[in-house]
Amino acid sequence: MTRKTRVRFAPSPTGPLHIGGVRTALYNYLYAKQRGGDFILRIEDTDSHRFVPGAEEYIIESLRWCGIIPDEGVDENGKIVSEPCARHPHAPYRQSERRPIYRKYAEQLVESGNAYYAFDTAAELEAARSAAESAGQTFIYNYESRKHLRNSLTLSKEETERLLRETTTWTIRFKMPEDTVVEMDDMVRGHISVNSSTLDDKVLWKRADELPTYHLANIVDDHLMEITEVIRGEEWLPSLPLHFLLYKAFGWTETQPRFAHLPLLLKPVGNGKLSKRDGDKLGFPVFPLKWVSPEGEVSRGYREDGYFPEAFINMLALLGWNPGTEQEIFSLAELVKEFSIAKVSKSGAKFNPDKTKWFNKEYLRMKSDEELAALFEKDLAGRDVVASHEKVVGIVHLIKERATFVSDFWDIAWYLFKAPESYAEKDAAKFWKIENVEAASKVVERILSYEGAWVKEDLEKDIEEFIRANQWPMGKVMNCLRLALTGCGSGLGIADIVIFTGKEELGRRFAKAKETLNL
């Protein structure tokens with residue numbers, strides 16, 4: 001019987017969600033939706049020392065902004081579900097609330113001979129490391145060293161039971177088999193073979209806080225939540241042999257999920273994993289939303305920088321996955337249809353900030369004038385600028401091909417809403433000359449007396465024919481007039497500006513420029 005596809009995204013609430021984590025969530029979501037399956041959000045908060053307040057809420061809000069909506073894990077109010085119900089039968093989805101579950105499974109491994117109790121203190125382990133280094137070796141808690149350390153494999157049953165009763169610093173470690181070849185298949189990497197003798201005996205459960213490590217918790221939870229595929233970052237690839245052996249030790253090989261390890265997101269320049277430092281240095285975010293740390297440090301986010309979530313998601317999807325065609329623009333629905341783990345690259349994907357901006361520019365162009373105008377009007381309201389909706393829609397239609405972000409609209413066309421208060425000195429020295437001003441004055445008079453249809457194309461044609469008929473230099477006269485209207489020698493066409501500012505404003509601005517610039 002074919003099992004229903006169930007995948008999970010299991011971040012730790014140790015800080016803001018990196019865009020690499022968002023991509024992992026996205027690939028899980030696409031894989032599940034393509035197969036009519038479930039996408040589960042699970043919070044892996046077993047590392048109590050690294051827990052950061054607000055991180056869990058940040059993760060949930062980030063996924064919502066991206067449109068990656070979990071089928072299980074959060075309720076309608078965006079809260080992690082703690083009690084089982086019809087829609088969330090596998091709750092709780094926060095690992096710290098599943099604490100009682102894990103010890104039982106850890107003890108089960110001890111009973112079956114696949115794990116053991118370790119009583120080594122931090123000081124004893126440090127002494128073992130130092131001794132190994134002195135001998136020119138590297139200390140590993142493995143099949144060889146465990147024979148000489150304090151654990152239930154070397155201690156008597158009575159001593160073991162006493163230490164379990166009287167101490168709280170012991171752990172349960174996996175008993176890695178000696179000289180066993182672990183054969184594994186990865187959906188991205190292909191077939192992998194590892195000899196167990198190269199691996200250490202990982203800690204699975206800690207008595208000190210009564211919490212499991214990632215290795216035990218994720219295996220147990222994936223089994224109980226009926227996960228069919230584990231799609232996660234490349235950094236977990238070294239742990240794959242242990243996880244395979246844990247499934248075997250539990251007797252769960254028949255329901256063991258398939259694994260896929262995704263390539264890293266790499267720095268734009270040089271080698272290595274993309275980090276916040278790279279973003280700070282080169283001026284781009286590495287988090288989906290703005291993040292304020294408990295210490296007050298502020299990190300930029302794609303949402304607050306003005307990116308559309310659709311553009312952000314489209315960009316991330318192509319960092320590590322190639323559809324095999326020239327198509328670059330994909331809606332979320334199209335990504336669901338086209339995505340394939342088989343086309344995910346094994347090698348890391350270099351992040352390109354300029355390409356990210358290109359995606360946003362393309363999505364801005366695809367949006368309707370009405371939708372963009374509504375967004376621009378929020379910006380105008382924040383600047384206490386009042387303009388008719390019809391005018392804003394018209395301006396957006398005129399300038400959106402020039403913009404990358406909605407925030408660019410004001411920088412491009414602010415002078416369509418208010419007159420300049422100063423004039424660029426360099427442009428004034430270049431264009432504001434007597435002969436140019438005299439010609440521009442005649443053009444202003446021509447526009448003020450213009451009786452044709454108040455349409456850009458007709459007005460533009462009339463202005464150009466008038467300048468040519470008088471044999472004036474087109475560029476110099478236009479830039480002189482543009483300086484009066486915008487405060488600099490660059491910007492939109494004169495006809496475009498006049499259409500939105502009107503004849504009276506044209507006269508006022510030109511007169512002010514003549515007065516201010518003393519001509």
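This is a predicted model: local features need pLDDT of at least 70, side-chain atom pairs count only at pLDDT 80 or more; totals for chains, interfaces and linings use all residues.
How many aromatic pairs does the count come to? I got 28, taking ring centres within 6.5 Å as the rule.

**Aromatic pairs**

Buried or exposed, what is Y214? Y214 is buried at 15% relative accessibility, whereas W236 comes out partly exposed at 27%.

Then I looked at W432 and F510. Here the centres are 5.8 Å apart and the planes make 50°, so this pair goes down as tilted. It also links distant parts of the chain, with W432 in the loop between α15 (425-431) and α16 (434-448) and F510 in helix α20 (residues 503-516), 78 residues apart. W432 has a relative accessible area of 7% and is buried; F510 is buried too, at 5%.

I also found a cluster joined by ring pairs: W65, Y302, Y307, F312 and F405.

**T213**

Next I checked T213, which is in the loop between β8 (211-212) and α6 (214-224). T213 has 15% relative accessibility, so with the cut-off at under 20% I count it as buried. Which residues does T213 touch, leaving out those up to four places away in sequence? I found V203, L204 and K206. A polar atom of the T213 side chain lies 2.7 Å from the backbone oxygen of V203.

**β1, α1 and β2**

Strand β1 (residues 6-9) runs parallel to β2, and four bridges join them. V7 has F39 as its bridge partner in β2. With helix α1 (residues 19-34) included, β1 and β2 make a right-handed β-α-β unit. I then checked the faces of β2 (residues 38-41) and found both covered: D38 and I40 are buried on one side, F39 and L41 on the other.

**Helix α13**

Last stop was α13 (residues 389-399), where V392, V393, I395, V396 and I399 are buried. Why do I say they line one face? Down the axis of α13, the buried residues fall within an arc of 165°, so one face of the helix holds them. Looking at the face turned away from that side, I found the exposed residues E390 and H397. What covers the buried residues of α13? I noted that the cover includes α12 (369-382), α14 (408-413) and α19 (494-501).

Notes
Residues are numbered from 1 along each chain as its sequence is written. Side-chain values use heavy atoms; hydrogens and water are left out. Buried means under 20% relative accessible area, exposed over 50%, partly exposed in between (1.4 Å probe, protein chains only). Helices (H or I, at least four residues) and strands (E, at least two) are DSSP runs, numbered from the N terminus. The arc is that of the directions from the helix axis to the C-beta atoms. Contact means heavy atoms within 4.5 Å. A polar contact is a pair of N or O atoms within 3.5 Å; within protein, one must be able to donate a hydrogen and the other to accept it, and residues adjacent in sequence count only if both atoms are side-chain atoms. Two strands pair if DSSP finds at least two bridges between them. A crossover is right-handed if, with the strands pointing away from the viewer, the path from the first strand over the helix to the second runs clockwise. Rings of Phe, Tyr and Trp (its six-membered ring) pair if their centres lie within 6.5 Å; planes under 30 degrees apart count as stacked, over 60 as edge-to-face and the rest as tilted.
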